[in-house]
Amino acid sequence: MSVVIRHAAFDPHAEERAFAAKLPVGSVGAQASFVGTMRDHNEGDGVQAMTLEHYPGMTERELDAIVAEARERWDLIDVLVVHRVGDILPGEPIVLTAAWSRHRAAAFDACRFLMEALKSRAPFWKKETLADGSSRWVEKNTPG
Amino acid sequence: MAIKVKFFASLREQLPRAVDAVEPDGLEIIADVWARATDGQRMPEHVLCSVNLEHRSANDPVADGDEVAFFPPVTGG
């Protein structure tokens, strides 16, 4: 499966290894991957925890569409998107995007595309619990 | 039949009395569904919409049996 939603902490490198083990031996010339991790600060405030909400059904559908678009735009062997939902702590991975191809340009470009596209289109919403115990919804993405 | 309505994230918290299904009679576009589900509250400026799990805009049509959702700008990744 190229799109995986995880409800508990995951190891992005283990996910990549397990996924890559199923790819045709000798076909892969390049792999690019990105891991987004929860920080303990946002918008000038300390953050002690986060809850990530999603729209079951639409989130997966949108990620599938993004993966399909990546496959159409670049010559790829495969791609993988793993995204957390639920309660997350600082230092824990939130998202992994990875692309495998024969040559490096497609892997680099597709990996970035997957990340930017999911940030603007995939139904996820972050609610932060701040250091002082109050909570707030993240209203917009950081520019990158 | 009915039109199912879902609200997510901060929008859900801001609309505690919004209903989760509306009668389809007389509803033509997504904005109509909002009005009926929220009992006439004004739709905030940055609300996103979907019908049957696909992104749509507020002026797009709806039909009996659809699932309509309203949510704030997405913040995943």
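1. A quick definition before we start: the radius of gyration used here is taken over C-alpha atoms, and the globule rule it gets compared with is 2.2 Å times the number of residues to the power 0.38. Keep in mind too that this is a predicted model. For chain A, a compact globule of 144 residues would have a radius of gyration near 15 Å, and chain A has 16 Å, which agrees. Along its principal axes, the C-alpha trace of chain A spans about 50 × 25 × 25 Å.

2. On to what chain A is built from. You'll find three helices and nine strands in it. Walk along the sequence and the pattern reads β-α-β-β-β-α-β-β-β-α-β-β.

3. Now a sheet in chain A. Four of the strands make an open sheet, in the order S1-S5-S7-S2, with mixed pairing. S1 (3-6) and S2 (30-37) of chain A sit at the edges with a single partner strand each, so one side of each has no neighbour in the sheet. From one strand to the next, the twist averages 10°.

4. Let's look at one pairing in that sheet. As background, strands of a sheet pair through backbone hydrogen bonds, either parallel or antiparallel. In chain A, S2 and S7 (residues 93-101) run antiparallel and are joined by eight bridges.

5. The axes of H2 (residues 58-73) of chain A and H3(A) come within 10 Å and cross at roughly 150°. That angle makes H2(A) roughly antiparallel to H3(A), since anything over 145 degrees counts as such. The crossing of H2(A) past H3(A) is right-handed.

6. Which residues make that helix contact? On the H2(A) side they are Glu62(A), Leu63(A), Ile66(A) and Ala70(A). H3(A) brings Ala110(A), Phe113(A), Leu114(A), Ala117(A), Leu118(A) and Arg121(A). By type, the residues of the contact between H2(A) and H3(A) split into eight nonpolar, two charged and no polar.

7. Over to chain B, which has two helices and five strands. Read along the sequence, the pattern for chain B is β-α-β-α-β-β-β. The radius of gyration of chain B is 11 Å, close to the 11 Å that the globule rule gives for 77 residues, so chain B is as compact as a globular protein of that length. Taken along the principal axes, the C-alpha atoms of chain B fill a box of roughly 35 × 25 × 20 Å.

8. Chain B has an open sheet of five strands, running S2-S1-S5-S3-S4, and its pairing is mixed. The edge strands of that sheet are S2 (21-22) and S4 (54-56) of chain B, each pairing on one side only. S3 (residues 48-51) of chain B and S4(B) run antiparallel, with three bridges joining them. There, Val51(B) stands opposite Glu54(B) in S4(B).

9. Last, how many residues does each chain put into the contact between the two? Chain B gives 13 residues and chain A gives 22 residues. On the chain B side, helix H1 (9-14) and strand S5 (67-71) of chain B each supply at least two residues. The residues of chain B that touch chain A divide into eight nonpolar, five polar and no charged.

Definitions and conventions. Residues numbered from 1 in each chain as written. Chains lettered and ligands numbered in written order. Predicted model: local features only at pLDDT ≥ 70, side-chain atom pairs only at ≥ 80, totals over all residues. Pairing = 2+ DSSP bridges. Axes fitted to C-alpha atoms, helices over the stretch in contact; angles between N-to-C directions. Parallel < 35°, antiparallel > 145°, perpendicular 65-115°, else oblique. Left-handed = near helix turned anticlockwise from the far one by under 90°. Contact = placed C-beta atoms within 7 Å. Nonpolar A, V, L, I, M, F, W, Y, C, P; charged D, E, K, R; others polar.
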